[in-house]
Amino acid sequence: MGGPAVEILVVVGLVMVLVGRRAVEGATWCIARSAASATALQAALDFACGAGADCLPIQASGLCYLPNTLPAHASYAFNSYYQRHNAAPGSCDFAGTAAVSVTDPSYGSCTYPSSQSTAGGSISNTPTNTPINAPPTPGIGGGIGGLSPPGFGTAVPNYDTSHASRLLSLLLLTCIGFLLPPP
């Protein structure tokens with residue numbers, strides 16, 4: 001093994017480090033954890049909407065209403081709250097139902113804010129939206145249910161990079177393809 005294959009491996013490795021660093025240093029979003037229970041997500045969604053998150057886009061006529069799922073609506077509300085708090089450490093926890101992601105969750109015409117300025121500024125002391133009930137889930141009620149405001153439990157955000165490595169995986173597979181001998 002030598003020559004061009006090693007050079008390609010070094011270049012790909014450097015690109016992976018640079019891409020990975022930029023993703024962590026760039027914008028972040030707050031999304032619902034996939035393992036969160038429906039009960040906890042509903043309570044956290046109600047809290048976020050009642051505490052100043054912009055929940056109008058996840059109403060029936062909003063650009064982010066579809067998909068009409070509890071995790072999708074919670075993610076949008078969590079991110080709105082997080083961005084309006086200037087992505088402060090601890091503002092993306094929601095009793096363990098949310099995590100910080102380095103991958104933009106926006107899709108189609110639904111754009112997730114990526115900063116305080118794109119989220120409509122900071123929140124006021126008075127909630128600006130009434131809490132919404134996300135799509136009906138059998139047996140799930142609304143309400144805060146003992147949920148503490150984000151930031152009261154942890155000072156360091158959790159980073160969910162499970163979707164951030166697509167480009168890195170592609171680069172790694174390309175590199176491995178160059179290293180394998182031809183058939």
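This is a predicted model: local features need pLDDT of at least 70, side-chain atom pairs count only at pLDDT 80 or more; totals for chains, interfaces and linings use all residues.

Analyst: The crossing of helix α2 and helix α3 is left-handed.

User: At what angle do helix α2 and helix α3 pack?

Analyst: Two packed helices are described by the angle between their axes and the distance between the axes. Here α2 covers residues 38-50 and α3 covers residues 70-84, and their axes are 9 Å apart. The angle at which these helices pack is about 35°.

User: How many charged residues are in the contact of α2 with α3?

Analyst: The contact brings residues of α2, including L41, L45 and F47, against residues of α3, including L70, F78 and Y81. The residues of this contact divide into 13 nonpolar and 2 polar, and the number of charged ones is none.

User: What kind of aromatic pair do F47 and Y81 form?

Analyst: The rings of F47 and Y81 lie 6.1 Å apart, centre to centre, with 55° between their planes. Because F47 lies in helix α2 and Y81 in helix α3, the pair ties together parts that are 34 residues apart in sequence. Planes under 30 degrees apart would count as stacked and those over 60 as edge-to-face, so the pair of F47 and Y81 is tilted.

User: Is F94 buried or exposed?

Analyst: F94 forms an edge-to-face pair with F47, and F94 sits in the loop between α3 and β2. Buried means under 20% relative accessible area; because the relative accessibility of F94 is 0%, this residue counts as buried.

Methods:
Residues are numbered from 1 along each chain as its sequence is written. Side-chain values use heavy atoms; hydrogens and water are left out. Axes are lines fitted to C-alpha atoms, for helices over the stretch in contact, and angles run from 0 to 180 degrees between N-to-C directions. Helices (H or I, at least four residues) and strands (E, at least two) are DSSP runs, numbered from the N terminus. A crossing is left-handed if the near helix is turned anticlockwise from the far one by less than a right angle, and right-handed if clockwise. Contact means heavy atoms within 4.5 Å. Ala, Val, Leu, Ile, Met, Phe, Trp, Tyr, Cys and Pro count as nonpolar, Asp, Glu, Lys and Arg as charged, and the others, Gly among them, as polar. Rings of Phe, Tyr and Trp (its six-membered ring) pair if their centres lie within 6.5 Å; planes under 30 degrees apart count as stacked, over 60 as edge-to-face and the rest as tilted. Buried means under 20% relative accessible area, exposed over 50%, partly exposed in between (1.4 Å probe, protein chains only).
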